[in-house]
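The following exercises concern a predicted model. Please examine the sequence and the structure before reading the solutions.

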Amino acid sequence: MFCRLVKTLILALALLAGSANAQTYPSRPVKVIVPFPPGGTTDIVARLVAERLGPTLGQPAVIENRAGAGGAVGAAEIARAAPDGYTLGLATVSTHGVNPAINPKLPYDALRDFTPISNLASVPNVVSAHPSLGIFDLRQLVERAKANPGKITYASAGNGSLSHMLGELFKVSTGTDLLHVPYKGVGPALNDTLGGQVNLLFDNLPSSLPYIQSSKLRALAVSSPARLDALPGVPTFAEAGVPQLNDPSWFGLVGPAKLPEAVLARVHDAVTKALSAPEVRARMQNVGAVPSGNSPKEFAAQIRREIERHKRVAEESGIRIE
């Protein structure tokens with residue numbers, strides 16, 4: 001009986017301490033881990049939200065880029081962090097959809113090891129070609145690739161990244177053979193595609209859009225329910241005959257598992273206010289992103305659906321990272 005009372009007392013004290021900490025949260029800067037290098041869409045979305053998140057929370061939201069293994073390095077660091085709200089991070093289709101579906105040695109569980117907070121934005125994907133390739137649409141790409149198997153190269157953000165999955169899904173869907181060139185994030189992949197060292201890039205639209213608009217890259221198709229106002233002359237993947245690639249991407253905010261309810265509510269409220277700010281919405285739309293925002297429960301369900309969808313894709317296409 002005495003031991004049971006002691007355990008109950010310890011639990012009560014822990015709960016009181018957690019409640020007190022939550023009431024004063026945050027009392028120091030909040031680190032936001034971006035699991036990809038600077039320059040990619042994950043980094044762009046994170047910084048747009050963090051700029052507004054800091055003033056709302058009353059403490060700076062400091063971005064820390066931790067790239068590697070298709071986002072797995074940074075995601076694992078978020079999962080290992082103390083659940084006190086001082087380390088948050090970005091979850092993407094790569095870290096919480098593709099990687100769990102194709103990598104059996106992933107150092108985290110995408111469902112068990114995180115506290116979903118809110119989706120931040122949905123973003124179209126795009127496949128772009130360097131102008132030197134001399135290809136103007138997806139039909140020409142398929143024809144050229146079939147005539148020259150393994151000769152056309154495509155860059156990705158790394159093995160197991162969304163851009164890798166998109167490239168492999170494109171190959172399976174069109175019966176073509178492209179040569180995969182993995183990089184440590186979209187930034188380096190984009191740089192080499194701009195330089196012409198690689199022919200193609202599968203990417204989220206925000207990081208590629210400025211170079212498409214300046215004609216340094218040529219967009220062949222976008223993943224979107226309809227054509228985009230920013231690129232009215234570019235067909236959707238569905239229009240171009242490859243509907244398997246027509247789903248947009250998303251970027252959300254998560255914390256480690258067991259984030260205190262009061263801290264979760266505080267951060268979610270700050271995110272909601274950030275996403276409703278007219279300047280944040282305008283800046284997101286200017287780079288091709290659509291502000292989202294949903295509840296932690298809705299975001300958790302979205303992550304589960306994404307994992308299941310990519311498991312089906314991986315099984316159908318045979319994509320697997322060992």
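**Exercise 1.** Determine the strand order of the open sheet of five strands, and identify its edge strands.

*Solution.* Step 1: read across the sheet, which gives the order β7-β6-β8-β5-β9. Step 2: examine the pairing, which is mixed. Step 3: look for strands that pair on one side only; these are β7 (179-182) and β9 (218-222), the edge strands. Step 4: consider the twist, which averages 30 degrees from one strand to the next.

**Exercise 2.** Describe how β6 is joined to β7, and state which helices lie across β6.

*Solution.* Step 1: β6 comprises residues 153-156 and runs parallel to β7, with four bridges joining the two strands. Step 2: within this pairing, Val181 of β7 is the bridge partner of Ala155. Step 3: helix α6 (residues 162-174) lies across β5 (125-129), β6, β7 and β8 (200-204), and its direction makes an angle of about 150 degrees with β6. Step 4: helix α7 (residues 186-194) lies across β6 and β8, running at about 145 degrees to β8.

**Exercise 3.** Characterise the largest pocket by its volume and its lining.

*Solution.* Step 1: the volume of the largest pocket is about 280 Å³. Step 2: its lining consists of 19 residues, of which Leu169, Gln244, Leu245, Arg309 and Val313 are the closest to the centre. Step 3: helix α6 and α11 (296-317) each contribute at least two lining residues. Step 4: sorted by class, the lining contains nine nonpolar, six polar and four charged residues.

Methods:
Residues are numbered from 1 along each chain as its sequence is written. This is a predicted model: local features need pLDDT of at least 70, side-chain atom pairs count only at pLDDT 80 or more; totals for chains, interfaces and linings use all residues. Side-chain values use heavy atoms; hydrogens and water are left out. Two strands pair if DSSP finds at least two bridges between them. Axes are lines fitted to C-alpha atoms, for helices over the stretch in contact, and angles run from 0 to 180 degrees between N-to-C directions. Contact means heavy atoms within 4.5 Å. On a 1 Å grid over the protein atoms alone, a cavity is a set of points where a 1.4 Å probe fits but cannot get out, and a pocket is an open set with protein on both sides within 12 Å along at least five of seven lines; lining residues have an atom within 4 Å of a point. Grid points are joined across faces, edges and corners, and a volume is the space filled by probe spheres set on the points. Ala, Val, Leu, Ile, Met, Phe, Trp, Tyr, Cys and Pro count as nonpolar, Asp, Glu, Lys and Arg as charged, and the others, Gly among them, as polar.
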